[in-house]
Amino acid sequence: MLRTFSGGVHPHGNKALSRDMNIEIMPTPPIVYIPLAQHAGEPAVPAVKVGDEVVKGQLIGAAAPKNSCNVFSSCCGKIKAIENRVLPNGMCQHIVIENNGKKDNAHLPPLKDPTPAEIIKRVADCGIVGMGGAGFPTAPKIGAKAVIEELLVNGAECEPYITCDYRIMKEYTEKLLGGILLVQKAADAKRVLIGIEDNKPDAVAAINAFIAQNKLENIAAVAIKTKYPQGSDRQLIYALTGKKIPKGSRSTSYGVLVTNVHTAFSVYLAVNEGVQSYARVITVTGGSVKQPKNLLVSTGTTFRDAVHFCGGINEENPPQKLVSGGPMMGTAVYTGDIAVTKTTSCILLMGAGEVDYHKESACINCGKCARVCPMNLMPMNLDAYSQAGMYHEAEKWGLKYCIECGSCAFICPAKRCLVQSILLAKSKTKGRKE
């Protein structure tokens with residue numbers, strides 16, 4: 001029986017659109033708009049000024065003092081502006097660079113047989129964050145003073161449509177494993193488990209073949225049940241180890257560290273090739289994209305430029321919604337001028353038949369939302385208290401523990417906008433003193 005967790009849903013994957021598309025390198029566009037907030041925590045502080053000439057990999061945003069990350073130029077060129085622009089989650093300063101097409105770079109020297117401390121420092125210097133979407137700085141995470149029994153690598157990629165991690169596992173197996181071993185060394189983890197949903201058997205086979213060929217010990221790729229949100233930390237931990245991490249606790253307190261496929265891949269590039277985090281693999285997909293693809297793109301590339309590289313919009317199926325990320329946890333945006341960041345996994349253009357326009361109706365108290373909630377919450381109660389403006393009551397029902405996965409809204413026969421209600425309640429209670 002395949003390993004899994006309690007609750008969750010199984011939406012249609014729609015991964016066939018891009019699943020077999022090899023990763024293409026997209027040329028850096030003539031202008032890039034690089035956000036200084038590409039991570040959880042404080043935005044980086046500008047380290048350049050208008051008129052400066054920069055090269056690829058040069059520091060343009062220095063990490064702020066508290067919970068922040070370095071930001072780098074993704075091309076050679078001239079700083080044209082430092083201005084506020086929109087991101088999916090709000091406004092922030094962007095460094096606008098006019099690309100001159102030169103190939104100079106500020107890469108760091110590769111590290112040979114680095115110590116754990118050297119790995120952690122290099123990860124920090126290169127601005128690596130959790131690239132599965134959360135965006136937490138990686139260096140303090142892998143350098144936490146905790147005894148780590150298991151390093152878990154999230155290769156589930158359970159969100160519909162997205163296939164970029166799958167392609168990394170298939171095409172960059174050696175570098176991915178190299179990065180995983182570096183993270184294991186930095187964290188002093190005793191064993192490694194790579195969790196991959198069973199709809200990707202070729203990725204499981206490729207990784208385990210490499211492990212066997214190189215006689216790597218205490219590491220394995222494990223097939224887990226295809227179910228959403230299998231890739232969420234607590235759900236992945238339970239599926240792979242059977243450990244239940246209490247709400248409000250850190251997994252490292254229970255001997256478990258979780259990282260993402262793309263994060264580990266980036267660690268390899270930083271340590272073994274000296275490449276800073278200024279590019280990433282994304283999926284551009286949906287029924288309104290002419291040629292869905294997996295692309296290696298420079299940060300600061302606009303969604304519009306990436307879609308244009310994929311043949312543009314399919315006029316026979318014009319877009320009904322533009323989403324940054326996947327359809328379950330992604331954010332709908334109103335413009336293609338938004339820039340790709342370190343945490344952008346997908347640009348999704350949904351056409352007719354992919355967007356549900358049903359209006360919400362009254363809750364019928366069926367309890368389906370509670371049965372699928374992976375955090376064992378009562379979404380119907382959170383929604384009711386939020387709608388009534390009783391946000392403090394929602395807190396009593398575990399509001400802060402909701403992971404916003406959308407399973408409840410997906411299953412709801414009344415089409416309640418449960419996630420939106422929960423997000424509203426969270427915004428109203430943020431920072432509230434008891």
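Good morning. I begin with the second largest pocket, which is lined by 34 residues, with Ile25, Lys56, Tyr278, Ala279 and Leu296 nearest its centre. On a 1 Å grid over the protein atoms alone, a pocket is an open set of points with protein on both sides within 12 Å along at least five of seven lines, a cavity is a set where a 1.4 Å probe fits but cannot get out, and lining residues have an atom within 4 Å of a point.

The model is predicted: local features need pLDDT of at least 70, side-chain atom pairs count only at pLDDT 80 or more, and totals for chains, interfaces and linings use all residues. Residues are numbered from 1 along each chain as its sequence is written, and side-chain values use heavy atoms, with hydrogens and water left out.

The volume of the second largest pocket is about 670 Å³, where a volume is the space filled by probe spheres set on grid points, which are joined across faces, edges and corners. Two or more lining residues come from each of strand 1 (23-25), helix 7 (261-273), strand 13 (279-285) and strand 14 (293-298). Here helices (H or I, at least four residues) and strands (E, at least two) are DSSP runs, numbered from the N terminus. Helix 7 contributes the most, with 6 residues. The lining comprises 17 nonpolar, 11 polar and 6 charged residues. In this classification Ala, Val, Leu, Ile, Met, Phe, Trp, Tyr, Cys and Pro are nonpolar, Asp, Glu, Lys and Arg are charged, and the others, Gly among them, are polar.

The structure holds 1 cavity of 30 Å³ or more, and the volume of the largest cavity is about 110 Å³. Its lining has 14 residues, of which Cys373, Pro379, Cys402, Cys405 and Cys408 are the closest to its centre. Helix 10 (379-387), helix 12 (407-411) and helix 13 (418-429) each give two or more residues to that lining. By class, 11 are nonpolar, 2 polar and 1 charged.

An open sheet of 4 strands runs in the order 11-10-9-12 with parallel pairing; two strands pair if DSSP finds at least two bridges between them. At its edges are strand 11 (219-224) and strand 12 (256-260), each pairing on one side only. The twist averages 25° from one strand to the next. Strand 10 (residues 191-197) and strand 11 share 6 bridges, and Ile194 has Ala221 of strand 11 as its bridge partner. Helix 4 packs on this sheet, touching strand 9 (150-154), strand 10, strand 11 and strand 12, and its direction makes about 135° with that of strand 10. Contact means heavy atoms within 4.5 Å. Axes are lines fitted to C-alpha atoms, for helices over the stretch in contact, and angles run from 0 to 180 degrees between N-to-C directions.

What does helix 4 (residues 173-187) meet in helix 1 (residues 116-125), and at what angle do their axes cross? The axes come within 8 Å and cross at roughly 115°. Pro116, Ile119 and Ile120 of helix 1 make the contact with Leu182, Lys185 and Ala186 of helix 4. These residues divide into 5 nonpolar, no polar and 1 charged.

Finally, helix 3 (residues 164-171) and helix 5 (residues 201-213) pack at about 35°, with axes 9 Å apart. Tyr166, Met169 and Lys170 of helix 3 meet Asp202, Ala203 and Ile207 of helix 5. That contact has 4 nonpolar, no polar and 2 charged residues. Thank you.
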